[in-house]
Amino acid sequence: MASQQPAFADSAPSADPATPVDPAAGDGGRHRLPKQRSVSRGSTVLGVAAIAAVGAGGVAAAQGKSPVSIPVSVPDVLPQVVHAVAGSTAEQPPAAAPAAPLDAGESLLTRILAQAQAQRTAADTAVRETERKAAEEAAAKEAAAQRVREEAAKKKAEEEARRKAAEEAAAKAQAEQAAQLATSYGKPVTSYTPTAGFGESSSLWSSTHTGQDFAAPTGTPVMAIHSGTITSAGWAGSYGYRIVLTLDDGTELWYCHLSSMVKTGGKVTTGDVIGRVGATGNVTGPHLHLEVRPGGGGPVDPLPWLRDHGVSV
């Protein structure tokens, strides 16, 4: 009777359900195939990166130094770690690693510089806009001030023109009046009473009366009948104070018995006051004795002569 072997001597280990069996193997498919890697490569890489970062900090702390500042974040070093791990485990050569991103400090500096440049640009723009507005306001104020000055100058020029025009008009009117007066004749006194006439006889005169008397209060103005020149002024005996006015045609007009003489020489114009009524000389009361002597000769009747020159007395 054959001896029985222990059941466990020929029995193979129980197969791992998770381990695939090769049916072509000589051991009845009981040899195990290499187990496939089931650990996530990404997890492995991430763990390695984390360990490297922690290890670097721990070493620095153990040496009594300041903890090492990791210049880049885990995502920054992740491509390099992936490349290192994949190179030892992957059957295919890894793909070329992408270009390393900028350092975090450089990125921050770039952003800060960009922001600063943007702020400077905005500030410069604001300054230029402020200067432009200030220049426009200054130009507007200057233009307004210039308009005010121009208006003032224009108004002053207009006033000056009006003043000159008024002065010229007045001078012209005065010249016209003077020209008119030079050719006109007027009364010797404005308020009077005719008394003794030319040719009358009286014991007061050595002969007949040689002129026309105009009775008026003492001090009444005596005026030039026509334009001429005063050729004599002074005391004349029985005539009292006398003024002789010689006209351009040589006719002499005698103003006698004056209380005072206003003009004693020079040119006078029709209507100029040359003396005042009085009672000097051989008189009985204040009056003006007027004689008209054409060409400086003998006297003529003053009334017809005045009427011939447009003077009504």
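Glutamate 158 sits in helix H4, residues 104-183. Helices are DSSP runs (H or I, at least four residues), and strands are E runs of at least two, numbered from the N terminus.

This is a predicted model: local features need pLDDT of at least 70, side-chain atom pairs count only at pLDDT 80 or more, and totals for chains, interfaces and linings use all residues. Residues are numbered from 1 along each chain as its sequence is written, and side-chain values use heavy atoms, without hydrogens and water.

Glutamate 158 is partly exposed, at a relative accessible area of 37%. Buried means under 20% relative accessible area, exposed over 50%, and partly exposed in between (1.4 Å probe, protein chains only).

**Salt bridges**

The structure has six salt bridges. Each pairs a side-chain nitrogen of Lys or Arg with a carboxyl oxygen of Asp or Glu within 4 Å. Three of them are tabulated here.

| Arginine | Glutamate | N to O distance |
|---|---|---|
| Arginine 132 | Glutamate 129 | 2.3 Å |
| Arginine 149 | Glutamate 142 | 2.9 Å |
| Arginine 163 | Glutamate 160 | 2.3 Å |

Glutamate 129 and arginine 132 lie three residues apart in helix H4, so about one helical turn separates them. Arginine 163 and glutamate 160 are also three residues apart in helix H4. Shared partners link Glu129, Arg132 and Glu136 into one network of salt bridges.

Histidine 289 belongs to strand S9, residues 287-293. Its relative accessible area is 4%, so histidine 289 is buried. Histidine 257 lies in strand S6, residues 252-261. Histidine 257 is buried too, at 5%. Its phi is positive, about 65 degrees, although histidine 257 is not a glycine.
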